[in-house]
Amino acid sequence: MKSTVRNNQPSALKSFGLTALACIGTTVVATPLLGHLDPANIVMLFLLTVLVIAVKLGRSSAVLASILSVLLFDVFFVAPRFSLAVSDIQYLVTFAVMLVTGLTTAHFTSALRQKAKEAEQREQRTEGL
């Protein structure tokens with residue numbers, strides 16, 4: 001029986017492009033919500049984006065999504081808007097938590113994907129026997 005390896009992963013450049021689009025899309029969706037949602041809830045939208053990217057595109061893209069999410073949140077949702085300056089020092093904690101959570105999500109998702117891949121390979125070897 002012929003073993004086939006499925007590679008549903010897009011190229012790195014395409015993955016990074018999709019990651020950037022997803023983060024920008026999250027920014028576009030969240031911007032009109034700024035007056036209606038607390039910034040902590042907007043952060044959750046970015047973290048959800050990082051999680052989806054980690055699951056669909058892998059670790060490298062999730063790391064990029066984490067960094068982009070922090071930068072986009074700072075520029076578009078933290079006063080003074082449209083700059084990287086921060087007037088409330090407490091947002092530095094928010095940025096750190098966003099980044100650590102995103103990177104941790106990327107790591108655990110990648111590890112889980114690797115375990116699933118190993119299990120699939122074991123299943124294929126078992127079928128071969």
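**Reading a helix pair and a ring pair**

Author: Let's start with α2 and α4, whose crossing is right-handed (the near helix is turned clockwise from the far one by less than a right angle). The model is predicted, so to speak of local features takes pLDDT of at least 70 and side-chain atom pairs count only at pLDDT 80 or more, while totals for chains, interfaces and linings use all residues. Residues are numbered from 1 along each chain as its sequence is written, and side-chain values use heavy atoms, with hydrogens and water left out.

Reader: At what angle do helix α2 and helix α4 pack?

Author: Axes are lines fitted to C-alpha atoms over the stretch in contact, and angles run from 0 to 180 degrees between N-to-C directions. Here α2 (residues 39–57) and α4 (residues 90–128) pack at about 20°, with axes 9 Å apart. The two are therefore roughly parallel (under 35 degrees).

Reader: Which residues of α2 and α4 make the contact?

Author: Contact means heavy atoms within 4.5 Å. Among them are Val43, Phe46 and Leu47 of α2, and Tyr91, Thr94 and Met98 of α4.

Reader: And how is a pair of aromatic rings described?

Author: By the distance of the centres and the angle of the planes. Rings of Phe, Tyr and Trp (its six-membered ring) pair if their centres lie within 6.5 Å, and planes over 60 degrees apart count as edge-to-face. The count comes to seven aromatic pairs. Phe73 and Phe95 have ring centres 6.3 Å apart and planes at 80°, so this pair is edge-to-face.

Reader: Are Phe73 and Phe95 buried or exposed?

Author: Both are buried (under 20% relative accessible area, 1.4 Å probe, protein chains only). Ring pairs also link Phe46, Phe73, Phe77, Tyr91 and Phe95 into a cluster.

Terms used: Helix = DSSP H or I, 4+ residues; strand = E, 2+ residues; numbered from the N terminus. Parallel < 35°, antiparallel > 145°, perpendicular 65-115°, else oblique. Phe/Tyr/Trp six-rings, centres within 6.5 Å; stacked < 30°, edge-to-face > 60°. Buried < 20%, exposed > 50% of the residue type's maximum accessible area, 1.4 Å probe, protein only.
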